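Thanks for coming. I have one structure to go through today, so please look at it on the screen while I talk.

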Amino acid sequence: MSPVAMSLEELIPSSHLKSHIYAIVIRTSLVISTLIVGLSIPFFGLVMSLIGSLLTMLVTLILPPACYLSILRGKVTRTQATLCIIVIAVGVVSSVFGTYSALSKIIENLRS
């Protein structure tokens, strides 16, 4: 939420920048709105775990070595390529297990 709050704080006129009350109001309203969304949408936590398992593994374990291999296509040694492929495989397996776990919990809650 910090990047969103900082973006909204940039919209404050420069004459009011010295006052911290605007930042407090913006950040408090963001937290309260997040709480309201979380409480009003059913299975919000499960949906967030589904999105998290997909996107976190993609951003942290799959994309960096894939981009590394793509950028240094002809200059990568066999050892580096092997390690990158292993990291990508671990990311894919982790993503599959996390996604399966989240989907099974969502389906389980829908049935009950």
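How many salt bridges does the count come to? Before I answer, note that this is a predicted model.

The count comes to one salt bridge. The partners are Glu9 and Arg27, and their closest N and O atoms are 2.8 Å apart. Glu9 sits in helix H1 and Arg27 in helix H2, which covers residues 21-40, so the pair ties together parts that are 18 residues apart in sequence.

Let me stay with this pair. Helix H1 takes in residues 2-9, and Glu9 belongs to it. Is Glu9 buried or exposed? Glu9 counts as buried because its relative accessibility is 17%, and the cut-off for buried is under 20%. Arg27, with a relative accessible area of 33%, is partly exposed. Leaving aside residues up to four places away in sequence, Glu9 touches Ala23, Ile26 and Arg27.

Now the chain as a whole. It has four helices and zero strands, and from the N terminus on the order is α-α-α-α. The radius of gyration is 21 Å, well over the 13 Å that the globule rule gives for 112 residues, so the chain is more spread out than a compact globule. Along its principal axes, the C-alpha trace spans about 60 × 50 × 15 Å.

Two further totals concern burial and surface. Of the 112 residues in the chain, 16% are buried. The accessible surface comes to about 8,400 Å², and carbon and sulfur atoms account for 74% of that. As for contacts with a separation of 6 or more, 55% are between residues 24 or more positions apart.

Next, helix H4, residues 78-111. With 34 residues at 1.5 Å a residue, H4 should span 50 Å; its end C-alpha atoms are 49 Å apart, which agrees. Which residues of H4 are buried? They are Cys84, Ile88, Gly91, Ser95, Thr99, Ala102 and Ile106. As you read that list, keep one general point in mind. An α-helix has 3.6 residues a turn, so residues three or four places apart point the same way. What covers the buried residues of H4 includes helix H3.

That brings me to H3, and to Leu69. Leu69 lies in H3, which runs over residues 44-71. Not counting residues up to four places away in sequence, Leu69 touches Val76, Ala81, Cys84, Ile85 and Ile88. Two of those names, Cys84 and Ile88, were also on the list of buried residues in H4. Leu69 itself has 21% relative accessibility and therefore counts as partly exposed, the cut-off for buried being under 20%. For a sense of distance, take Leu69 and Glu108, which are 39 residues apart along the chain: their C-alpha atoms are separated by 40 Å.

Last, the surface. There is a nonpolar surface patch of about 820 Å², made by Phe43, Val47, Met48, Ile51, Leu54, Leu55, Leu58, Val59, Leu63 and Leu110. Which element gives the largest share of this patch? H3 does, with eight residues. One of the patch residues is Leu54, which lies in helix H3. Leu54 counts as partly exposed because its relative accessibility is 40%.

To recap, the chain has four helices, the count comes to one salt bridge, and H3 supplies the largest share of the nonpolar patch. That is the end of my part.

Key:
Residues numbered from 1 in each chain as written. Predicted model: local features only at pLDDT ≥ 70, side-chain atom pairs only at ≥ 80, totals over all residues. Heavy atoms only, no water. Helix = DSSP H or I, 4+ residues; strand = E, 2+ residues; numbered from the N terminus. Buried < 20%, exposed > 50% of the residue type's maximum accessible area, 1.4 Å probe, protein only. Contact = heavy atoms within 4.5 Å. Patch = residues over 30% accessible without salt bridge, like charges linked within 9 Å, V, L, I, M, F, W, Y side chains within 5 Å. Areas by Shrake-Rupley, 256 points an atom, 1.4 Å probe, with all protein chains shown as cover. Salt bridge = Lys/Arg side-chain N within 4 Å of Asp/Glu carboxyl O. Rg over C-alpha atoms; globule rule 2.2 N^0.38 Å. Expected span 1.5 Å × (residues − 1).
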